[in-house]
Every structure is written in C-alpha cells, then in structure tokens.
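Subject: Structure handover

Hello,

Here is the structure you asked to have passed on. My notes come after it.

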Amino acid sequence: MEINSIVSEIKRLKKEKNAVILAHNYQIPEIQDIADIVGDSLRLSQEAAKTDADIIVFCGVHFMAESAKILSPNKKVLLPAIDAGCPMADMITAESLREYKDKNPKATVVCYVNSSAEVKAECDVCCTSSNALKIVESLESEQILFAPDKNLGSYINDQLKDKQMELWNGFCITHERVREEEIKLIKNKKAGVQVVVHPECNPLVVQHADFVGSTSQILEHIRMSDDKEFIIGTEMGILHTLRKENLYKKFTLLSPALICYNMKKTSLEDVYHVLKTEENEIIVEESIRQKAFTSLNRMLELSKG
Ligand code: CIZ
Ligand code: SF4
C-alpha cells in the first residue's frame, strides 16, 4: 500500500473503532503527524486515562503503553511495535529490587517511569524527569533509593540540600552515548548558543549545559525563549515538534548518537496493522496493576501540590 492510502486507512479505522493514537516525542515524524496527541510518557498516559476512546494505539516503547494500561484498565491498549523495549527499563527487575528491599527494609524506593509494571509495583512512588525533584523533596525517609536511572538520580542529588539518594546502576543507552568532548567542542564552536540537554545524559555532559529538562520542559523552554538558535541534547525525534512549533529558530543535534532505535521501530504499517487486527494488546496482571497504580497515583498526588 502507498503511504497516502495507509494514512487514510488509519484515519478510517480510527473512526470506525473509536480509537486514539498517542505518540511519544521521540517517534518518527510520520507517526507524530498522524497522532492525535504527541507528548512525553506521563502526558500521554494521562490523556489515555481521560479519553473516551475504546482503543489506545500507543506509539512508543513497552513501558509507556503499560503505564497507559495501568491508568486505564478498561481500555484496550495496543503497542504497534511489540518488540520496542527500553534497555534502561530492563536494567532493573522486580526480583533484584525485592532483594535490595530485603537488605534495606527502611529505604523508600522512587522509580522513574522508565520501568516495567512489575518494578513499579515494588516501588513506593514513581517519578518522571519533570517532577523527580519535587517528588524526592517531599519524602521524609532517611534512606532513599532512586532507580533505575543513575544519571537522572545524580542530577537530582546535585540539587538536594539535606539528603542524598542511593542510585541504581541503570542508564539510557542513547543519552549515555553523548560524550563530554562533544558538548565541550560544540560550546567552543558555537559560543553563545544555548545547549539544552536531557537529565538522562551523563553528569559530565549535563554540567556543561545551559538548560536541563525533560522533553516537555525542553519544548516549553524553547517556546518561551527569545534566542534564535539551540543545540539539542536529547533524542532526535524531538526536532520534529521543535521545528514545527518554532519556525524561525534553528536547531542542531548535540550528537549524531542521539537516536533511540527502539523509538524508531514503529512504522505507519505497524499502526495500520494493529488498528486492523487489534493485535499486540498490552495486558498487565491485575494484582501488579493495582500496586503499580498506587505508585503512579502517589506521584500524581505529590506532584500536584
Ligand atoms: O517520560 C518520558 O516521556 C521520557 C522517556 C522522556 C521525557 O523526558 O519526556
Ligand atoms: Fe529507553 Fe533511552 Fe530509548 Fe528512552 S531514549 S526509550 S530511556 S533507551
């Protein structure tokens, strides 16, 4: 089928089946363009919970579609590329976290949303890169474990005044690939141009950045800024929205390594296929879902106030 026919078939099926298409900021441009909503994983899951659609086609990676299912158990959540995982989320298992908790019974466990439903079920509260500092600051506990992203954890630790968290040894293989040399070089070459990075980058890179934030914070920061040029230190998919929203601003990727292969697995054909067949449904076992819901919900409550 030709691209145009696939797009019109997707639109037809979407209407016929009362489906909604959600796409993460890191998806390929064609997917972002057919999506009803493009955003970060938290916003997408919240939108998923609000919508009255019967089917949610989640264009992203596995843990994101799982979060949508955890928040919207009565909707059918489909993941177009069923093998799109997140290597960082796989760096912690529920079993290894239980072992840690057995050895550290007093620790409060904060887990980044980039984790499986089973891991979310074992933790005390979830966080995203947008609200991590607020969540951690609100905790009374003397001992806190932050999992699985040691880079985001270290960025938060640097901002904490009276406590330090223990960090799990996980990281995003995409953001970790950016080298300190690259940011130093580009800052020299383009003096005066703002470099914005995601806190999943290594602290050696983050220390040289002019702005650090999640994808939604980066989008907001650039929308509000009067500057005309930016260096972008997060996954390249975000360039599509940045360019659409800021026609007269110029963007350069900090490193050619900023491509997440898992985020690039979803094609228009995959979206068409799952809409047609309703295959690749995400199922979360109910007792796990309820516990994971408690951790996600606690995050939503704590990040409100
Ligand atoms: O939570 C998300 O969507 C991720 C993985 C990144 C971000 O900063 O939005
Ligand atoms: Fe996982 Fe990193 Fe890819 Fe996000 S960009 S899905 S954290 S590997």
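Predicted model: local features only at pLDDT ≥ 70, side-chain atom pairs only at ≥ 80, totals over all residues.

Residues are numbered from 1 along each chain as its sequence is written, chains are lettered from A and ligands numbered from 1 in the order in which they are written, and side-chain values use heavy atoms, with hydrogens and water left out.

Ligands

Around ligand 1 (a residue counts if one of its heavy atoms lies within 4 Å) are His24, Tyr26, Asp40, Ser41, Met64, Asn114, Ser129, His198, Ser214 and Thr215. Polar contacts are pairs of N or O atoms within 3.5 Å. A polar side-chain atom of threonine 215 is 2.5 Å from an oxygen atom of ligand 1. For serine 41 a polar backbone atom lies 2.7 Å from a ligand 1 oxygen, and for serine 129 a side-chain N or O atom lies 3.2 Å from one.

The residues surrounding ligand 2 are Tyr26, Val61, Cys86, Pro87, Met88, Asn114, Cys172, Thr174, Glu200 and Cys260.

Buried parts

Helices and strands are DSSP runs (helices H or I, at least four residues; strands E, at least two), numbered from the N terminus. Buried means under 20% relative accessible area, exposed over 50%, and partly exposed in between, with a 1.4 Å probe and protein chains only.

Glutamine 32, in helix 2 (residues 29-34), is buried at a relative accessible area of 4%. Its side chain has a polar atom 3.1 Å from the backbone oxygen of asparagine 25. Leaving out residues up to four places away in sequence, glutamine 32 is in contact (heavy atoms within 4.5 Å) with residues including His24, Val38, His240 and Thr241.

Helix 12 (residues 238-245) has Ile238, Leu239, His240, Thr241 and Leu242 buried. Among the elements covering them are helix 2, strand 2 (37-39) and helix 11 (215-224).

Backbone

The alanine 147 to proline 148 peptide bond is cis, with omega near -10°; proline 148 is in the loop between strand 7 (144-147) and helix 8 (150-159). Glutamate 278 has a positive phi, near 60°, as does asparagine 280, also near 60°. Glutamate 278 sits in the loop between helix 13 (268-277) and helix 14 and is partly exposed at 24%. Asparagine 280 is in the loop between helix 13 and helix 14 and is partly exposed at 22%.

Regards

How values were computed
Polar contact = N/O pair within 3.5 Å; in protein donor to acceptor, adjacent residues only side chain to side chain.
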